[in-house]
Amino acid sequence: MKLMKLQSAANTTRVTRIVLVFVLLFAVLFFFTAHEGLYYSDDVQYSAFAGRLLNGSFDITQDGHTFIHRPTVYVPTAIAYAIFGVNYITYSLWTLLCTLGCIVLTYKAAHQKGLNPAFAAVFLGLTFYFLYFINFLYPDNMVAFFTLVAATVYYRLYRGDNRRVLFKALVFTSSLFIAGLAKETAVVVLPFFALCAARDVIGRKENTKFWAYAALFGLLLLSVYFGWYYLETGDAFYRVSEMETANLSYDNYVTNPSRSYAKRLLWGPVEALLGTGAFMLVVFLIGGGSGLTEAEKRKKLYWSLLFIVSYLTLCFSSTSLQVYNPIKLDARMYNLVIPPLAIAASFGLQKKVQEIRYTLFYTFAFAAIALYLRNSVGAVHGLLALYFAAHTAWLYFRKHSRLPVAYTALAAITFCLLIRPVYFMLKEKTLHYPEHLALFDKLQQLTAQRTKVQVILPHYLYKSTGYFTDYKKVNKLQFYDYSNSIPPGRRGQQLLLLNRSLGTNPSFTEDGPYEQLLEHIAQKPPLWKQGPLELYEL
């Protein structure tokens with residue numbers, strides 16, 4: 001009997017490892033197959049800062065753009081550019097590595113009995129918006145990774161591992177600092193760690209060395225950081241004031257009458273989790289304490305509180321120190337709280353899916369969410385509701401069946417979570433990255449034949465020319481955007497680029513005199529055409 005149990009445990013461990021490898025490989029596959037190249041949004045600015053580091057033109061006060069204060073995003077990207085060149089893989093390589101790192105850390109932190117680590121890996125790695133941003137040069141998954149590193153370091157102390165306290169404190173503090181250099185939302189985990197410090201130092205008189213080292217090292221890092229800003233700008237809190245000004249102008253609940261505090265604060269936090277699909281993990285988080293050992297209860301409590309405190313701080317904190325202006329609840333804002341939620345939701349789940357009371361609860365909860373949402377996210381919940389209805393029926397009518405229902409539940413959840421990512425992998429790409437690369441190859445060819453080539457571009461592409469020219473100055477090639485066309489009297493070949501997707505694709509926006517420019521090319525044939533892109537000579 002003991003041998004059979006050992007064999008069963010070994011088989012289960014093998015399955016959890018296979019699931020982890022599957023999730024990691026699927027994430028890499030999604031990275032390549034769903035990649036649109038360049039997204040012509042925040043990523044362009046981050047990439048531009050990496051380019052400035054490459055060509056030596058970086059200046060923290062250069063254009064007043066707030067993203068320049070997030071070096072964790074663009075410094076590793078600049079290193080990737082320097083080693084491997086500027087392309088769509090190096091552009092998003094850092095995000096890929098941080099996302100994969102999050103999945104591995106989540107699996108390890110959830111390493112309990114049975115299939116629970118596999119559930120955790122699936123919950124995080126296949127939650128749509130966490131996976132969706134794997135190929136964007138955005139900071140949210142980077143923040144998630146470094147805050148999770150800090151959380152897992154303290155988690156070891158929480159479990160009683162008091163070895164190498166100084167090293168743990170250095171890694172803990174450095175990780176939080178690096179996360180803060182990626183995005184300001186990293187601060188939402190600080191209240192949780194403040195509660196942990198108060199519990200240890202004041203309540204239990206333990207881990208005092210760790211918190212002392214962490215506090216000293218944190219003060220040292222912040223002193224150097226703010227001191228550097230003071231030397232560069234004359235204002236130690238330059239970043240703080242820049243971010244506050246930007247947030248009030250970008251998403252202001254104070255002066256914008258269309259913004260409702262009541263909706264944002266009362267229903268907005270829940271609706272955002274529902275809309276992203278992450279509320280599914282909250283459903284799996286509920287209950288199951290009776291099936292856990294005391295040690296497992298403590299572990300689940302740790303990750304649950306990390307999620308709850310960080311989530312509430314994110315939802316109800318202010319982007320301004322002067323007035324109360326809650327943060328905009330974009331889907332990616334939640335990515336940093338998804339790892340602890342995935343870990344907490346995995347505890348005891350293998351036992352819960354073998355109990356009718358929980359599977360019946362899942363059936364009704366997912367059916368209610370599906371009826372409320374009535375969209376593609378709701379459809380996924382509807383499928384899960386149907387599965388758990390069948391699962392519940394099987395448990396009721398086949399009470400003594402030896403069917404491994406935990407494995408079927410894991411397979412069903414995995415299948416349902418795969419639906420939306422697979423759709424995005426297979427759907428037609430809309431940003432025409434290969435066509436844009438071909439355009440710049442054509443322009444390079446034209447410079448070999450002309451003394452000077454001047455090109456009028458849509459604004460989205462004008463902002464992105466540095467990326468397509470490897471952040472190097474191209475002799476004889478000058479760019480102008482639609483709203484700032486070529487000044488009169490300039491000599492050289494003058495070209496106009498049209499993107500026939502303008503106005504129909506939300507990623508391609510144009511506020512300049514687009515219609516007036518069309519008059520200049522009236523009945524002319526294009527000099528070059530590929531996809532929706534057309535190049536005309538004026």
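Biologist: Which residues of α20 are buried?

Modeller: In this predicted model, the buried residues of α20 are Tyr433, Glu435, His436, Ala438, Leu439, Phe440, Leu443, Leu446 and Thr447. The label requires a relative accessible area under 20%.

Biologist: What span is expected of helix α20, and what span does it reach?

Modeller: Helix α20 covers residues 433-447, which is 15 residues.

Biologist: Which residues touch the most other members of the largest nonpolar core?

Modeller: That core has 172 residues, and those touching the most other members are Tyr154, Phe172, Phe193, Phe284, Trp303, Phe366 and Leu443. Helix α7 (residues 140-158) supplies the largest share of this core, with 14 residues.

Biologist: What is in contact with Tyr154, once its neighbours within four places in sequence are left aside?

Modeller: Tyr154 is in contact with Phe172, Phe193, Cys196, Arg199, Asp200, Asn207, Phe210, Trp211 and Tyr302. Each of these has heavy atoms within 4.5 Å of Tyr154.

Biologist: Why is Thr72 called buried?

Modeller: The cut-off is under 20% relative accessible area. Thr72 has 7% relative accessibility and therefore counts as buried. Thr72 is placed in helix α3 (residues 71-84). Leaving aside neighbours within four places in sequence, its contacts are Trp94, Met142, Phe146, Ile178, Leu181 and Ala182.

Biologist: What makes Glu184 and Arg70 a salt bridge?

Modeller: The criterion asks for a side-chain nitrogen of Lys or Arg within 4 Å of a carboxyl oxygen of Asp or Glu. The closest N and O atoms of Glu184 and Arg70 are 2.7 Å apart, and the pair is a salt bridge. Glu184 is in the loop between α8 and α9 (190-204), whereas Arg70 is in the loop between α2 (42-55) and α3, so the pair ties together parts 114 residues apart in sequence.

Biologist: Are Glu184 and Arg70 buried, partly exposed or exposed, and how do you know?

Modeller: Glu184, at 23% relative accessibility, counts as partly exposed. Arg70, with a relative accessible area of 6%, is buried.

Biologist: How many salt bridges does the structure hold, and which residues are linked in a network?

Modeller: The structure holds 14 salt bridges. Asp42, Asp140, Lys183 and Arg332 are linked in a network of them.

Biologist: How many salt bridges does the rule find across the interface of domain 1 and domain 3?

Modeller: The rule finds 0 there. The domain assignment gives domain 1 (1-353), domain 2 (356-427) and domain 3 (433-537). The contact takes 14 residues from domain 1 and 12 residues from domain 3. Between them, domain 1 and domain 3 bury about 1100 Å², with 65% of it on carbon and sulfur atoms. Leu38, Tyr40 and Val86 supply 53% of the area that domain 1 buries against domain 3, more than any other three residues.

Biologist: What makes the phi of Arg164 and of Asp470 worth noting?

Modeller: Most residues other than glycine have a negative phi. Arg164 is not a glycine, yet has a positive phi of about 50 degrees. Asp470, also a residue other than glycine, has a positive phi near 60 degrees. Arg164 is found in the loop between α7 and α8 (165-180) and, at 64% relative accessibility, counts as exposed. Asp470 is placed in the loop between α22 (465-468) and β2 (477-481); at 34%, Asp470 is partly exposed.

Conventions: Residues are numbered from 1 along each chain as its sequence is written. This is a predicted model: local features need pLDDT of at least 70, side-chain atom pairs count only at pLDDT 80 or more; totals for chains, interfaces and linings use all residues. Side-chain values use heavy atoms; hydrogens and water are left out. Helices (H or I, at least four residues) and strands (E, at least two) are DSSP runs, numbered from the N terminus. Buried means under 20% relative accessible area, exposed over 50%, partly exposed in between (1.4 Å probe, protein chains only). A nonpolar core is a set of buried Ala, Val, Leu, Ile, Met, Phe, Trp, Tyr and Cys residues joined through side-chain atoms within 4.5 Å. The expected span of a helix is 1.5 Å times one less than its number of residues. Domain bounds come from an automatic or database domain assignment. Buried area is the accessible area (1.4 Å probe) that two parts lose on being put together, summed over both.
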